[in-house]
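Please find below a short note on the structure under review.

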Amino acid sequence: MASLQARTGREKQRYEGQLRLVAGLEPNVEVCYSNSENKLLVLMISSPNRKDLVFPKGGWEEDENMHDAACREALEEAGVKGILSENPLGFWVFRSKSRQNSCNLGGGCKGFMFALKVTEELDSWPEQALHERKWLTIEEAFKFCRYDWMRDALNIFLTTFSKEKPIGMREESVELPIRPLSDAGDECQMASSGCFGKPSSVQHLQNTSSKCIVQG
């Protein structure tokens, strides 16, 4: 892991008009307890000098596809690998912290959020000094979300999960949800280095009979 470094700089950053394109995800795992009851946990990460939490995310660069960018951010910021949903939960438009008081689109970000079923947690990762992993219950995740658009994304994930159908298996005619430009945006900070591999085809997120992570 010592040879793996987070990407820095924005030379290859993708844009759509004035909006910086961002890929992020909501890592999750179904925990198996001793009483055989399963409980869904969500992974969030901390930021320096903040008590609230965010989902891993960062800039989508020109030399990678959207899935690769989301996978890379999961590895760089949270040190996890897993099965990424084929399609995003949706996309949200928000403003970076440095431009929150601006009335124009400058500093805006368009973030695509995916679901990730975590299958591996690394002992060390590139941005470990900046981000601490936090496994939370759904109730805790809603409480600690830094921004409303993150709660919105979490709600969409839960709705899809509760319907017991694979995330990403959408009809092509269904449009991705979009949210208006918000003044409560995130810094959508980017990085740069390699991607650990292309995501597998989406799998049913509740199919955890082969492996459970036990936490006590």
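1. Where does R72 lie? In this predicted model, R72 is placed in helix α1, which spans residues 66-78. The relative accessible area of R72 is 0%, and since buried means under 20%, R72 counts as buried.

2. Two further relations of R72 deserve mention. Its side chain makes a polar contact of 2.6 Å with the side chain of E64.

3. Strand β7 (residues 108-121) is largely enclosed by the rest of the structure, because 11 of its 14 residues are buried. Strand β5 (residues 80-84) pairs with β7 in the antiparallel sense over 5 bridges; in this setting K81 has E120 of β7 as its bridge partner. Strand β6 (residues 90-95) likewise pairs with β7 in the antiparallel sense, here over 6 bridges, and G90 stands opposite M113 in β7.

4. The largest nonpolar core comprises 49 residues, and those with the most contacts inside it are M44, F55, W92 and F157. Helix α3 gives the most to this core, contributing 8 residues.

5. Which residues does M44 contact, once its neighbours within four places in sequence are left aside? The contacts of M44 are L53, V54, F55, E132, R133, K134, L136, A141 and C145.

6. Helix α3 covers residues 148-162, 15 residues in all. The helix reaches 21 Å from its first C-alpha to its last, close to the 21 Å expected at 1.5 Å a residue. The buried residues of α3 are W149, M150, A153, L154, I156, F157, L158, T160 and F161. As background to that list, an α-helix has 3.6 residues a turn, so residues three or four places apart point the same way.

7. The protein chain averages a pLDDT of 73, and 63% of the residues score at least 70. Confidence is lowest in strand β2 (residues 19-32), with a mean of 87, and highest in α1, at 95. Two stretches call for separate comment. Over residues 98-104 the pLDDT is below 50, and this stretch has 11 contacts in the model beyond near neighbours in sequence. Over residues 165-216 the pLDDT is also below 50, and that stretch has 166 contacts in the model beyond near neighbours in sequence.

How values were computed. Residues are numbered from 1 along each chain as its sequence is written. This is a predicted model: local features need pLDDT of at least 70, side-chain atom pairs count only at pLDDT 80 or more; totals for chains, interfaces and linings use all residues. Side-chain values use heavy atoms; hydrogens and water are left out. Helices (H or I, at least four residues) and strands (E, at least two) are DSSP runs, numbered from the N terminus. The expected span of a helix is 1.5 Å times one less than its number of residues. Buried means under 20% relative accessible area, exposed over 50%, partly exposed in between (1.4 Å probe, protein chains only). Two strands pair if DSSP finds at least two bridges between them. A nonpolar core is a set of buried Ala, Val, Leu, Ile, Met, Phe, Trp, Tyr and Cys residues joined through side-chain atoms within 4.5 Å. Contact means heavy atoms within 4.5 Å. A polar contact is a pair of N or O atoms within 3.5 Å; within protein, one must be able to donate a hydrogen and the other to accept it, and residues adjacent in sequence count only if both atoms are side-chain atoms. pLDDT is the predictor's confidence in each residue, from 0 to 100.
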